[in-house]
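Visitor: I am new to this structure and would like to ask about it piece by piece. Could we look at it together?

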Amino acid sequence: MTLAAGPTAETDPRVALHRLRAEVAKAVVGQDAVVTGLLIGLLCRGHVLLEGVPGVAKTLLVRSFAAALDLDMKRLQFTPDLMPGDVTGSLVYDPHGAAFTFRRGPVFTNLLLADEINRTPPKTQSALLEVMEERQVSVEGVPRPLPEPFLVIATQNPIEYEGTYPLPEAQLDRFLLKLAVPLPTRDEELGVLRAHNQGFNPRDLSAAGIRPVATAADLAAAREAVGRVGVVDMVLGYVVDLCRATRVSPSLELGASPRGATGLLAAAKAWAWISGREYVTPDDVKAVTRSTLRHRVRLRPEAELEGVTVDQILDAVLGTVPTPR
């Protein structure tokens with residue numbers, strides 16, 4: 001009996017998607033962890049919330065990510081006067097046909113960059129709820145499916161809260177990951193300055209040499225492969241125990257929901273596959289716990305006054321819940 005050959009470097013979607021880091025690095029220096037997080041979101045069909053101070057290349061990072069995957073991308077700047085129809089689209093009267101026609105909004109794309117999502121009122125924020133969960137837009141009772149793949153990447157500034165509208169827990173829970181975009185190290189910042197000194201233009205990605213390195217077929221094959229990653233009951237129990245531990249933490253008034261547990265499992269499977277494994281280990285779960293749960297829990301006011309952070313609480317949970325062996 002002849003065994004079927006395994007995937008080669010040319011056909012393995014894992015190899016194609018690993019090239020993403022090199023392509024994005026042509027425009028953005030030192031954000032490999034964030035690129036991996038965006039890739040996990042895409043593989044899990046989950047949305048991503050990026051948090052970082054202005055000027056750390058969040059928008060450039062997303063544009064480079066889309067270009068390297070040859071995905072259609074639209075950017076929407078969320079402002080206080082933005083209306084729900086400006087996001088999803090609306091019915092417009094056509095005087096020539098004497099009828100209303102649907103004009104598509106910017107959500108009809110593969111990758112929607114929702115820039116400064118917390119600067120628009122809840123009425124407009126809620127326009128994304130059906131988009132993110134059902135991947136469709138319903139107007140006058142008619143559902144209109146969004147393109148596939150579809151990913152919302154939202155950004156917000158963690159420092160400036162004046163004039164903002166914090167996302168409600170129900171909407172935060174619909175983001176698979178919340179990723180912190182850090183300030184660059186000295187060497188990384190020096191690399192940024194060198195690139196700009198040599199004529200790099202962040203508005204012209206083609207001049208930076210970014211090219212598509214993965215196809216839609218690669219992405220579809222990768223999603224199927226992630227779905228086949230094995231998880232034993234012992235690791236499933238570890239995921240449940242971590243989420244339940246957040247619900248009884250004395251420093252948290254809101255713990256992770258069951259949706260958080262399913263998100264943690266999905267992210268761990270994607271992380272394991274990206275790392276070259278066909279099964280999930282407890283370390284894979286630990287690697288994605290902070291980014292998967294940090295936006296799904298809420299500190300008690302007294303813990304905030306003491307200067308405790310959500311990541312510190314999650315570190316304590318990881319340190320106290322027994323790790324399966």
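Visitor: Which residue forms a salt bridge with R298?
Guide: The model is a predicted one. In it, R298 pairs with E253 in a salt bridge, with 2.7 Å between the closest N and O atoms.

Visitor: Where in the chain do R298 and E253 lie?
Guide: R298 belongs to strand β11, and E253 to strand β10 (residues 252–254). The two are 45 residues apart, so the pair links distant parts of the chain.

Visitor: How accessible is R298?
Guide: R298 counts as partly exposed, at 35% relative accessibility. E253 also counts as partly exposed, at 39%.

Visitor: How many salt bridges does the structure hold?
Guide: There are 17 salt bridges in the structure. One of them joins the side chains of D173 and R296, at 2.8 Å from N to O.

Visitor: And where are D173 and R296?
Guide: D173 is in the loop between α7 (169–172) and β9 (175–180). R296 is in the loop between α12 (282–293) and β11 (298–299), and the two residues are 123 residues apart.

Visitor: Are D173 and R296 buried or exposed?
Guide: D173 is buried, and R296 is buried as well.

Visitor: What does D315 form a salt bridge with?
Guide: The partner of D315 is R290, and their closest N and O atoms are 2.5 Å apart. D315 sits in helix α14 (residues 310–320) and R290 in helix α12, 25 residues apart. D315 counts as partly exposed at 35% relative accessibility, and R290 is partly exposed with a relative accessible area of 31%.

Visitor: Which residues do salt bridges with shared partners join into one network?
Guide: That network consists of D12, R14 and E278.

Visitor: Changing topic, how many disulfides are there?
Guide: The structure has zero disulfides.

Visitor: Now the strands: which residues of β6 are on its covered face?
Guide: In strand β6 (residues 136–139), V137 and V139 make up the covered face, while Q136 and S138 are on the uncovered one.

Visitor: What joins β6 to β7?
Guide: Four bridges connect β6 with strand β7 (residues 142–145), and the two strands run antiparallel. V139 stands opposite V142 in β7.

Visitor: What is between the strands in that hairpin?
Guide: Two residues lie between β6 and β7, and in this hairpin E140 takes a positive phi near 55°.

Methods: Residues are numbered from 1 along each chain as its sequence is written. This is a predicted model: local features need pLDDT of at least 70, side-chain atom pairs count only at pLDDT 80 or more; totals for chains, interfaces and linings use all residues. Side-chain values use heavy atoms; hydrogens and water are left out. A disulfide is a pair of cysteine sulfur atoms within 2.5 Å. Buried means under 20% relative accessible area, exposed over 50%, partly exposed in between (1.4 Å probe, protein chains only). Two strands pair if DSSP finds at least two bridges between them. A salt bridge is a side-chain nitrogen of Lys or Arg within 4 Å of a carboxyl oxygen of Asp or Glu.
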